[in-house]
Amino acid sequence: MKIDDSIFAVKLYEMEEQYGKLQCRIRICEQGGSDKIHSELKKAEEEYKENTMLLEEKARSSRSLAVQRLIRAQLDYRQKTADLMKDDIIKDMHSEDNSLEEDKTEADLLYAEFAMDFATLAMQQALISALAALDRQEIGDSTEKDKEETECRKS
């Protein structure tokens with residue numbers, strides 16, 4: 001089976017697209033000025049808000065309890081990290097030698113690193129989940145073929 005025909009083709013494309021945006025935007029912003037950084041930040045925040053609204057709508061409209069629970073876990077994670085970044089992480093980062101602005105910057109850098117680590121972990125989890133699903137599908141297909149062969153021999 002070619003990757004373009006796989007059951008995960010659309011998701012792989014979406015992941016590739018998001019990774020491309022991440023790389024491109026970070027590289028451009030590291031070389032650009034504060035106006036470019038601010039502009040890209042606003043675009044990314046708008047995309048994030050739109051994605052959150054789409055997830056919320058999907059959770060409301062889905063008839064599948066499994067889909068609703070998985071989406072709720074994603075939304076809960078987003079809310080929990082946002083709440084932590086508002087106050088807790090900045091307070092935890094505080095040093096008497098730093099100003100509040102320096103604490104905020106350090107907290108932002110720490111969270112960016114954590115978010116990238118989390119994305120890497122999510123990729124590992126996605127790989128394991130996809131391989132487990134494919135393995136279970138293959139086992140199911142093999143079991144079905146074995147049953148059919150046994151039935152044919154009996155006939």
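Predicted model: local features only at pLDDT ≥ 70, side-chain atom pairs only at ≥ 80, totals over all residues.
Biologist: Which residues line the second largest pocket?

Modeller: The lining consists of Asp76, Tyr77, Lys80, Thr81, Leu84, Met85, Ile89, Ala107, Leu110, Tyr111 and Phe114. The elements that give two or more residues to this lining are α3 and α4 (100-154). The largest share, seven residues, comes from α3.

Biologist: What makes up the lining of the second largest pocket by class?

Modeller: The lining has eight nonpolar, one polar and two charged residues. Asp and Lys count as charged, so Asp76 and Lys80 belong to that class.

Biologist: What is the bend of α3 at Met85?

Modeller: The helix bends by about 55° at Met85. This value is the angle between axes fitted to the seven residues ending there and the seven starting there.

Biologist: How does the reach of α3 from its first C-alpha to its last stand against the length expected at 1.5 Å a residue?

Modeller: With 29 residues, α3 is expected to reach 42 Å, and its 39 Å is close to that.

Biologist: How do you know what helix α2 (residues 34-61) should span?

Modeller: The 28 residues of α2 should span 40 Å at 1.5 Å a residue. Its end C-alpha atoms are 40 Å apart, so the two values agree.

Biologist: Which residues of α2 are buried, and what do they pack against?

Modeller: The buried residues of α2 are Glu40, Thr52, Leu55 and Ala59. They pack against α1 (9-31) and α3 (65-93).

Biologist: Why is Ser62 called buried?

Modeller: Buried means under 20% relative accessible area, and Ser62 has 16%, so it is called buried. Ser62 lies in the loop between α2 and α3. Leaving aside residues up to four places away in sequence, Ser62 touches Val67 and Gln68.

Biologist: Why does Ala130 count as buried?

Modeller: The relative accessibility of Ala130 is 19%, which is under the 20% cut-off, and therefore Ala130 counts as buried. Ala130 is placed in helix α4.

Biologist: How many residues apart in sequence are Ala130 and Phe8, and how far apart are they in space?

Modeller: They are 122 residues apart in sequence, while their C-alpha atoms are 8.0 Å apart in space.

Biologist: What pattern does the protein chain follow along the sequence?

Modeller: The pattern is α-α-α-α, with four helices and zero strands. Of the 155 residues of the chain, 12% count as buried. Among contacts with a separation of 6 or more, 30% join residues 24 or more positions apart.

Terms used:
Residues numbered from 1 in each chain as written. Heavy atoms only, no water. Expected span 1.5 Å × (residues − 1). Buried < 20%, exposed > 50% of the residue type's maximum accessible area, 1.4 Å probe, protein only. Contact = heavy atoms within 4.5 Å. 1 Å grid on protein atoms, 1.4 Å probe; cavity = no way out; pocket = protein on both sides within 12 Å on 5 of 7 lines; lining within 4 Å.
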